[in-house]
Amino acid sequence: MNQWYKIVIALVLNCSLAGAQHKAVTQVPNLTQYVNPMIGTGFHGHVFVGANVPFGAVQLGPTNIGEGWDWSSGYHYSDSTIVGFQHTHLSGTGIGDLGDISIMPITGPINVFKGNLKNKAGGYYSLFSHKEEVVKPGYYKVRLSKYDIQAELTATTRVGFHQYTFPKSSQAHIIIDLGAGIADHATETYIKQVNATTVTGYRFSKGWASKQRIYFAAVFSKAPSGFGIYEDTTRITGIQHKGINVKGVVSYAVQPGEKILVKVGISPVSAENALLNIDRELPDWNFKQIVSAADEAWNKQLQTILIKTDSATQRIKFYTAMYHNLMAPSVFNDVNGQYQGTDGKLHIAPFTNLTTFSLWDTYRAANPLYTLTQPKQVGHMINSMLAIYQQQGKLPVWHLMANETNTMVGNSAIPVVADAFLKGIKSFDKNLAYEAVKATAMRNDRGLNFVKTLGYIPADSTVESVAMGLEYAIDDWCIAQMALKMNKLSDYAYFKKRSSYYRNYFNKETNFMQGRVSKTQWRTPFSPFVSRHMKDDYTEGNAWQYTWLVPHDVEGLTELLGGQTAFSSKLDSFFLAKGDMGKEVSGDISGLIGQYAHGNEPSHHIAYLYAYAGKPWRTAKQVRYILNKFYTTKPDGIIGNEDVGQMSAWYIFSSLGFYPANPANGAYVFGSPTVNEAVLNLPGGKVFNISVKNNSPVNIYIQKVLLNGVRYNQSYLPHKTIVAGGNMVIVMGSKPSPIWGVSKQDRPVSSKVYQ
């Protein structure tokens, strides 16, 4: 055991077991040493690489010349090119966008053509080597080999901070390329030299988010010897210009080892606000101090969970997962509270307005995790969503930079809002929250008209009808629970009924969830294995995977499948079945165990379903395999898209020993912990301690659990138990326990709210 961890555990365990009013321990070594930001940069991880702070508006990092799906974040480990350092990126998404305000230092004759895959020759991009990269939370360094320039980056919440160390050159330049972006294109760009050291402007663009606006201000540490403006590659006279592909070039004569620093503030509102952000967040020029502050900000967040493991590898996987989980939602307002809303109007938020809501992914585990580790941030998330509702008439679906992309099926903000409400988070208006979830569910778009009139979405009316209908059933169950708690009994009855409509997609003849064309006709031909990306009745999956998407009524699904024996048997088959998924299979289907696909979110709860049938040891076997095989410390160490924290949230929960199979009922189902000790530092100075005894690669099965010294036989743990603080001991063994979690009264009930 590390010495620092001995101290932490000793301090915690010396507190009263019964009182559970322990004070959080804050004096621990720097946990950022265990973060490896390169994990997930290979394969299909799509993670961001660069400098930022938790939930920061600025994600300042390198962008490769490469393009395509695996460059959704702008960076892939297989690439060895850099075209610029850009201030906004996405992390782990399946679609690329952003890459705003690109800065690139060069030497030699001025060249404003960055190069591209079809025409690399003559571009200003540079090669680099991973051996000359340093990547840490809040800090990035690389040598641009073409120019022998050392680039260093760090950031505050709204300001990117660049430090470039040049070789001796009479022709040193810093290019501001407003046309450059990631998988989008500029629609209007503007640049202006305000004074000798300040440049401002904006970049409007269209991509995944159809109408993006970002303003910037760049302040240089040294007055340049020259400033030029270009439209594409044509030089423009004057000190300001508006066009489509505008670029600015700041020029210097530099001595060997001379450093030029640049502070770049961004704003969703104006260049003036971008300057204000710089003035408030980064008034000085102490680069090392900002690197240290960024590291401190990350370390503070990582300290919410302290762990002891058998190896450094496990700690690296855990704290890197926490790091990835804290990338977004990202700040989307200025230091004065101003932001641009979905309605295109200027708003002032009394909360921290956020964007980048990948809700179809994150509602399953990332958002429930925030209710434990980031309850204050959850309030900002919900208030941001409610503001979006007021501006566009519905809660966000997949919201990005004041744009509704409507990406993915369902209304996945609803489980997030409901979970926060049911867990008693009070930093938002509960009446407005209920109004928002109900209004969103009562719309007539995106298949909801059919839900209201037919009870199912006809397969010939839209693609992905089964996935859409199953997600709506989850949403409706969440609304029903809110209605019940608020004593809105007629609403409760209505949405409770709608939550059972998942049954309308179950074909008793095939024993799978299947596309229904009418009351009496199913879509044919049918194969439970085949997946046709964005062309069939499922979203990035097949019938095998979607048959289990009923986390709110596992008991009802068990009945449909023929009882607990049949339910368990089909689960066993699910993890074993082999079949041809077809030539048009979704690229998101990865990390396969039979038909289980850990690389995509609809599978994430399925391993935990055995507990509902009284067979928790089968959950343990699958969960331990996934933890060990599908998460590594290599660049390809994430088996699918990181998806803005969801893949990492699964790892964090599961390595602690439990997971929210129903994302909004407040019950965490036990699995197979890989940590030996954990300290959850909770709000209000409370602490929840986990001690895992006899843990090993062989001892993967829970034998017994003690909660505050008392035998605990349930195979689930309520949220309210954790946040009250306390001590839990989990004893592991090499064989399944014949009694723990087996009896009916000890199993979780998916339709029950445990808040």
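**Exercise 1.** Which residues of the largest nonpolar core touch the most other members?

*Solution.* The model is a predicted one, in which local features need pLDDT of at least 70, side-chain atom pairs count only at pLDDT 80 or more, and totals for chains, interfaces and linings use all residues. Residues are numbered from 1 along each chain as its sequence is written, and side-chain values use heavy atoms, with hydrogens and water left out.

A nonpolar core is a set of buried Ala, Val, Leu, Ile, Met, Phe, Trp, Tyr and Cys residues joined through side-chain atoms within 4.5 Å, where buried means under 20% relative accessible area (1.4 Å probe, protein chains only). Among the 212 residues of the largest such core, those that touch the most other members are Phe 85, Tyr 164, Tyr 319, Leu 395, Leu 656, Phe 658 and Met 728. Helix H11 (residues 465-485) contributes the most to this core, with 13 residues; helices (H or I, at least four residues) and strands (E, at least two) are DSSP runs, numbered from the N terminus.

**Exercise 2.** Describe the salt bridge between Arg 158 and Glu 281.

*Solution.* A salt bridge places a side-chain nitrogen of Lys or Arg within 4 Å of a carboxyl oxygen of Asp or Glu, and here the N to O distance is 2.6 Å. The pair links distant parts of the chain, 123 residues apart, with Arg 158 in the loop between strand S8 (149-155) and strand S9 (159-165) and Glu 281 in helix H2 (residues 271-281). Arg 158 counts as buried because its relative accessibility is 11%, and Glu 281 counts as buried because its value is 18%.

Note on methods
Buried means under 20% relative accessible area, exposed over 50%, partly exposed in between (1.4 Å probe, protein chains only).
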